[in-house]
Amino acid sequence: MSSQEKPLVVAVAGNPNAGKSTLINAIAGSRLHVGNWPGVTVEKKEALFDFEGRSIRMVDLPGCYSLSPYTQEEIITRDYLVTEKPDLIINVVDATNLERNLYLSIQLLELGIPMIMALNIYDEAEAKGYKINIKQMEETLGISVIPTSATRKTGLEQLLKAVIADKLVSPRTLNYGEDIETVLTGLRNHIQHEQQGLLDRYPERWLILKLLEGDTLIFKSTNIAVGSLPAELFDHLLRAHGDDIEGLLADVRYGLSAGLSREVLEKPEKRSIEITERIDRIVLNRYLGIPVFAAAMWLLFKLTFDLSSPFGDWIDGTLNGPIKRWSTAMLSGINAPDWTISLVNDGIIAGVGSVLVFTPVIFTIMFFITFLEGSGYMARAAFVMDRAMHVIGLHGKSFIPMLLGFGCNVPSIYATRTLENQKDKVLTALLVPLMSCGARLPVYLLFVGIFFPDNSGTVVWSLYILGMLLAVVMGFIFKKTLFKGESPMFIMELPPYRMPSFTSLMLHTWEKGKHFLVKAGTYIFAFSILVWFMLNLPWGVEHKRDSYLGKAGAAVAPIFQPLGFGTWEASSALITGVIAKEIVVGTMGEIYAPKKEIEKSEQPTVGQDIKEIVVSFGGAVKSAVSTLLYLPQKEEAEEEQSGLKEALKAQFTALSSFSFMAFVLLYMPCIVVIAAMRQEFGGWKWPAVAVAYSTVLAWVVSLIIYQGGRLLGL
Amino acid sequence: MPLELLAQGERGEITEIRHYGSGGGCHCHNHGVGQGLGRGRGLGCKRVPGDEHTTRAEEMGLRVGKQVEVLKNEGRLLLLMVDETRIAIDRRMARGIMVKGVTI
């Protein structure tokens, strides 16, 4: 029963790694709605639910260490708190790391918003032998303090009870020392005299403190001219404490958090060697670190592809078999014209299907990545890989997205989220398309089968290496041009190892994968229809060459002449490959060897179809399990595509086929990657840069391969 | 001495955090913070408020008066233990953090 009154707006704030997100998941679970903060790609989680008859709207603020205006997370957090004025703040505090967490708490108190503290990870603190005097904390801070453990789901009910029982009065103001308090009072009187409205618009004490600190964002939004505040107010403070007031205030807050933590916290004398330390000794070992990391990554890939590929095949089979048959039957049933049937089957189902096939891979890989993140290993991987990545001007954290790129570039783009610095995010995302993804493999396989049957493995491997080498080169070039300036300093917390809870794993996996399904699905859908029309217009086109796509192919073909594949067929295939690179193969099939009309005599019934779907799903499960357990499996017979092979032999040479493969590897990222980049970086600028540089790079590299090869007499 | 010079397993107490970059020059990143009063600007580089990385380090717990233990010091990164937090920082940053040795 939902209550009629306005929901109580509760903002949840806290340090990164304080278990904030686990806490919210535990409280809100499936009622959690994930979106983005306006204009940025930082996730915004919200939940609306009832607790004991009171409706509560919970807003998760990004994790941050303070409310200074330096990072996106901090700015979002403070803007939300200051302008939206939630009814209450839940400050999630890591009980095992009290002093540092209290630094943020003290700044939150400055806002004067009613607050409750969730003393989280309390179970671990107890296990470590910490004794925390909660009563004293409550008295000193003037707020309720509730011990919680989000992973064990303890204390959550008490927390919510405290939320609805809260009298919503401003917490106590902490005394910052006589010198500062005097200035604050003076400043307050001055503002009250000059611009009374400001004190109503902003939390009073917070505004005055920010003005004293000289926070430019605040000066700008309040329209107070820098330097216009009467100097005599600060003279004493400056003379007594030097000119760095921001530093002075930081010191005061640090002092308060250190003092409070000293007073309420009692630690056991000797620190026991923790599990984290033991794992780190192996994982971060100078010699073992990289092998351990390599093994972890190998396992991740192995598990991902073994587990997911049977399901991908199942989706493929289901879409191309039963679903297409059903849509044909349904559309024929309502007397739809043939072109509609072709649009739905060859355009929409084939196009969207080619992407849906990747869903199992993406969700599985996201599951494992979420696990690595949640357990704390991801930060270690970044630590271990830092030196290698430094060569291309990135630090260790960028390694993970790049590695994922070999599976599929799309999750890699989303994985750049784990990087803090916008510059690193963008540079990493720009280099990701150079990692040869799974979708390019079918193209290589088709060509090496025809032109390099004896050393196919080496040729495919050389393409992967080519991509990586070019990533090093491009990384270096970008560093010198678009991303000039000193590389940002590296600072990262390595959180203690923790076992992520299964529900939180599933929830985060879904959040990550959902973006792929929804956004990619819409773009692909639109593009599939477009391509179909391009291949089938003008109306009643007899030969594919005369279709718009064929004409477009013919028009751009001269550009590819120096690269060794200046035919309209190859060009058209490349144009469609923009949707997803493996479509190159499909288009080539369409163009070179038009399919024979499928016999319509032996149509299976709907019942048989459903049976087939279920049986093949069972087969997929069986196959996933058996590859996992290394049980032998029957190899599937490859489809014969002799017509296509003959046609390609006539048009390509070994050299031009290699040049073509290199081009397919490098030329513009597929549409899904572009969409992902746009979503992540909010705008078309970086996708445009990626498209431009990769296409130019592809052309230049293919030119060097083809013309160089010809000079060598190949 | 700079934190950079502490060997693995050694401890030190932070005495000063210099807000210098790698070039030895003074990085007066003008984030504009600290100039609100029209003061505190250009008055030497003892502490340049607004250097976001050092500020971040301080927020994470690396502050004057704190004891740090160097868990790892090899290659480009140092792994530190401050209170209950493990923090990885690069060598450049460790160069700007002054410590005095502490015997365990």
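**Exercise 1. The aromatic cluster**

A:Phe447, A:Phe451, A:Phe560, A:Phe565, A:Phe652, A:Phe660, A:Phe663 and A:Tyr667 make up one aromatic cluster. The model is predicted. Take A:Phe565 and A:Phe663: at what angle do their planes stand, and what kind of pair is this?

*Solution.* 
- Step 1. The ring centres of A:Phe565 and A:Phe663 lie 5.8 Å apart, and the planes stand at 65°.
- Step 2. Planes over 60 degrees apart count as edge-to-face. The pair of A:Phe565 and A:Phe663 is therefore edge-to-face.
- Step 3. A:Phe565 is in the loop between helix H24 (548-560) and helix H25 (568-576) of chain A, while A:Phe663 is in helix H29 (residues 654-666), so the pair ties together parts 98 residues apart in sequence.
- Step 4. Check burial. A:Phe565 has a relative accessible area of 2% and is buried. A:Phe663 also counts as buried, at 2% relative accessibility.

**Exercise 2. A threonine in a helix**

Is A:Thr428 buried or exposed?

*Solution.* 
- Step 1. Find the residue: A:Thr428 lies in helix H20 (residues 422-431) of chain A.
- Step 2. Buried means under 20% relative accessible area. A:Thr428 is at 0%, so A:Thr428 is buried.
- Step 3. The A:Thr428 side chain reaches the backbone oxygen of A:Asp424 at 2.6 Å.
- Step 4. Set aside neighbours within four places in sequence. A:Thr428 then contacts A:Leu394, A:Ser398, A:Pro401, A:Met402, A:Thr416 and A:Leu419.

**Exercise 3. Charges over rings**

Over which rings do the charged ends of A:Arg205 and A:Arg380 sit?

*Solution.* 
- Step 1. A:Arg205 has its charged end over the ring of A:Tyr176, 4.8 Å from the ring centre.
- Step 2. A:Arg380 has its charged end over the ring of A:Tyr497, 4.2 Å from the ring centre.

**Exercise 4. Cores**

How many residues has the largest nonpolar core, and which of them have the most contacts inside it?

*Solution.* 
- Step 1. The largest nonpolar core has 110 residues.
- Step 2. The residues with the most contacts inside this core are A:Leu431, A:Leu434, A:Phe447, A:Met588, A:Phe652 and A:Phe660.
- Step 3. A second, separate core has 63 residues, among them A:Leu67, A:Val82, A:Val93 and A:Leu209.

**Exercise 5. The whole chain**

Describe the overall build of chain A, from domains to contacts.

*Solution.* 
- Step 1. Chain A divides into domain 1 (8-165), domain 2 (178-266) and domain 3 (296-597 + 639-711).
- Step 2. The centres of domain 2 and domain 3 of chain A are 53 Å apart, taken over C-alpha atoms.
- Step 3. Chain A has 31 helices and 10 strands.
- Step 4. The C-alpha trace of chain A spans about 90 × 60 × 55 Å along its principal axes.
- Step 5. Chain A has 714 residues, of which 54% count as buried.
- Step 6. Take contacts in chain A between residues at least 6 apart in sequence: 75% join residues at least 24 apart.

Definitions and conventions. Residues numbered from 1 in each chain as written. Chains lettered and ligands numbered in written order. Predicted model: local features only at pLDDT ≥ 70, side-chain atom pairs only at ≥ 80, totals over all residues. Heavy atoms only, no water. Domains from an automatic or database assignment. Helix = DSSP H or I, 4+ residues; strand = E, 2+ residues; numbered from the N terminus. Buried < 20%, exposed > 50% of the residue type's maximum accessible area, 1.4 Å probe, protein only. Polar contact = N/O pair within 3.5 Å; in protein donor to acceptor, adjacent residues only side chain to side chain. Contact = heavy atoms within 4.5 Å. Core = buried A, V, L, I, M, F, W, Y, C linked by side-chain atoms within 4.5 Å. Phe/Tyr/Trp six-rings, centres within 6.5 Å; stacked < 30°, edge-to-face > 60°. Lys NZ or Arg CZ within 6 Å of the ring centre and 35° of its normal.
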